[in-house]
Amino acid sequence: MVPTAGIVLQERYRIEGPAGRGGMGAVYRATDLRLDTAVAIKHRLGAEGSVEEAFEREAHLLAVLRHPVLPKVTDHFVEGGGQYLVMEYVAGDYLATLQLRRAQPFPLEQVLAWADHLLDALAYLHGHDPPVLHRDVKPANLKPTAQGRIALLDFGLAKRRAGTETSLAGYTLTYAPPEQIRGTETSPRTDLYALSATLHELLTGTRPADALKRLAAAEAGLPDPLRPAHELNPAVPVGVSLALEQALALDPERRLATAEALRELLRRAADEGATVLAPAAVGSACPDSAAGNLPTSLAPLIGRHREVAAVQRLLSDQ
């Protein structure tokens, strides 16, 4: 059953209308009739198996997380053959929608404030034992709030640990680092790459070159097609640009190790408004090309990407 406006679930939640849709679930605005409050209800899409498991994992994961940037989950139930997740409703548009309405980058001060809030949330998530990885940080999963903060939504791809724990395969190419595309070990540095790609886009108004294009350039001995943010937008301090470049290293070992490290580096760069060198040197022409963690051939990586993209299209069509 596909929820429609006016129906009541669990004799409690009245559906008001659609609020968004991802590869694994559609989100609806609803009213909790018992408490007379607005809530968001996520309805699972797709087949049984890994999608169902990922949806349950999201419910159990969010139920125990408490952070101002993360939505609070209040209920999880099955009705009419559908699986539902009830959570705090965050009003407003996603950053991806706001981007489409703008003809220029977001203001530096605003983006850096959002970055500070998000990195605090990632530090909280990664600080769990085992770490919680979001694995899908991107503008389409971020919402500015009326209180001037930012909300990080959609934990459908999240997992509870770094390593090779079974989880739903998926990513958005622009924001995914090589290890996530390969389907191998992900870590907190995976989230830092995705967030940094997001910040780069918000600050420049241009989508950064994705990992496949950058790896192809590295393999061919060509300059990295990822242009520094300060070259695309002179309002971005060089130090901020360098910090993002390091967090966007193709080799995870060359990235900053923690959300707190990137948060501190961005704060210093913003305060000084000038060049602030990251802890390790950041080159401008494919610094990862000689790194041992990069593939010797792009063929397996491209094949893997096509397989995952096909699965994501199948889920979004259901």
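**A walk through a predicted fold**

α6 is followed by G221, whose phi is positive, near 75 degrees. Helices here (H or I, at least four residues) and strands (E, at least two) are DSSP runs, numbered from the N terminus. Helix α6 covers residues 211–219, and its buried residues are A211, L212, R214, L215, A217 and A218. Buried means under 20% relative accessible area, exposed means over 50%, and partly exposed lies in between (1.4 Å probe, protein chains only). At the N-terminal end of α6 sits a cap, D210: one of its side-chain oxygens lies 3.0 Å from the backbone nitrogen of L212. A polar contact of this kind is a pair of N or O atoms within 3.5 Å; within protein, one must be able to donate a hydrogen and the other to accept it, and residues adjacent in sequence count only if both atoms are side-chain atoms.

Now the ground rules. This is a predicted model, in which local features need pLDDT of at least 70 and side-chain atom pairs count only at pLDDT 80 or more, while totals for chains, interfaces and linings use all residues. Residues are numbered from 1 along each chain as its sequence is written, and side-chain values use heavy atoms, with hydrogens and water left out.

How confident is the predictor? The score pLDDT gives its confidence in each residue, from 0 to 100. The mean pLDDT of the protein is 83, and 78% of its residues reach 70 or more. Residues 162–167 stay under 50, and the model has 15 contacts for them beyond four places in sequence. Residues 314–318 are also below 50, with 11 contacts beyond near neighbours in sequence. A contact means heavy atoms within 4.5 Å.

Step back to the whole protein. It has 10 helices and 8 strands. Of its 318 residues, 51% count as buried. Take the contacts between residues at least 6 apart in sequence: 64% of them join residues at least 24 apart.

Next, helix α8, residues 238–247. Of its 10 residues, 9 are buried, so α8 is largely enclosed by the rest of the structure. The buried ones are G239, V240, S241, L242, A243, L244, E245, Q246 and A247. What covers them includes α3 (108–126), α5 (188–204), α7 (229–232) and α9 (259–272).

Turn to the sheet. Strands of a sheet pair through backbone hydrogen bonds, either parallel or antiparallel. Here an open sheet of 6 strands runs in the order β1-β2-β3-β4-β6-β5, with antiparallel pairing. β1 (8–9) and β5 (73–79) are the edge strands, each pairing on one side only. Two strands pair if DSSP finds at least two bridges between them.

Follow β6, residues 82–88. It pairs with β4 (residues 37–44) over 5 antiparallel bridges. I41 has V86 as its bridge partner in β6, and H43 stands opposite Y84. β6 also pairs with β5, again in the antiparallel sense, over 6 bridges. There, H76 has L85 as its bridge partner. β5 and β6 form a hairpin with 2 residues between them, and G80 in the turn has a positive phi of about 55 degrees. Of the 7 residues of β6, 6 are buried, so this strand is largely enclosed by the rest of the structure.

Now the aromatic rings. Rings of Phe, Tyr and Trp (its six-membered ring) pair if their centres lie within 6.5 Å; planes under 30 degrees apart count as stacked, over 60 as edge-to-face and the rest as tilted. The count comes to 3 aromatic pairs. F77 and Y84 are stacked, at 5.2 Å centre to centre and 20 degrees between the planes. Both are buried. Ring pairs link Y13, F77 and Y84 into a cluster. F106 and W114 form an edge-to-face pair, at 5.5 Å and 70 degrees. F106 is buried at 9% relative accessible area, and W114 is buried at 5%.

Charges meet rings too. A charge sits over a ring if NZ of Lys or CZ of Arg is within 6 Å of the ring centre and within 35 degrees of the ring normal. R102 lies over the face of F106, 4.5 Å from the ring centre. The charged end of K143 sits over the ring of Y94, 4.8 Å from its centre.

D129 and P130 are joined by a cis peptide bond, with omega about 0 degrees. P130 is found in the loop between α3 and β7 (142–144). E11 is not a glycine, yet its phi is positive, near 55 degrees. E11 lies in the loop between β1 and β2 (13–21) and is exposed at 79% relative accessibility.

Technical notes
pLDDT = per-residue confidence, 0-100.
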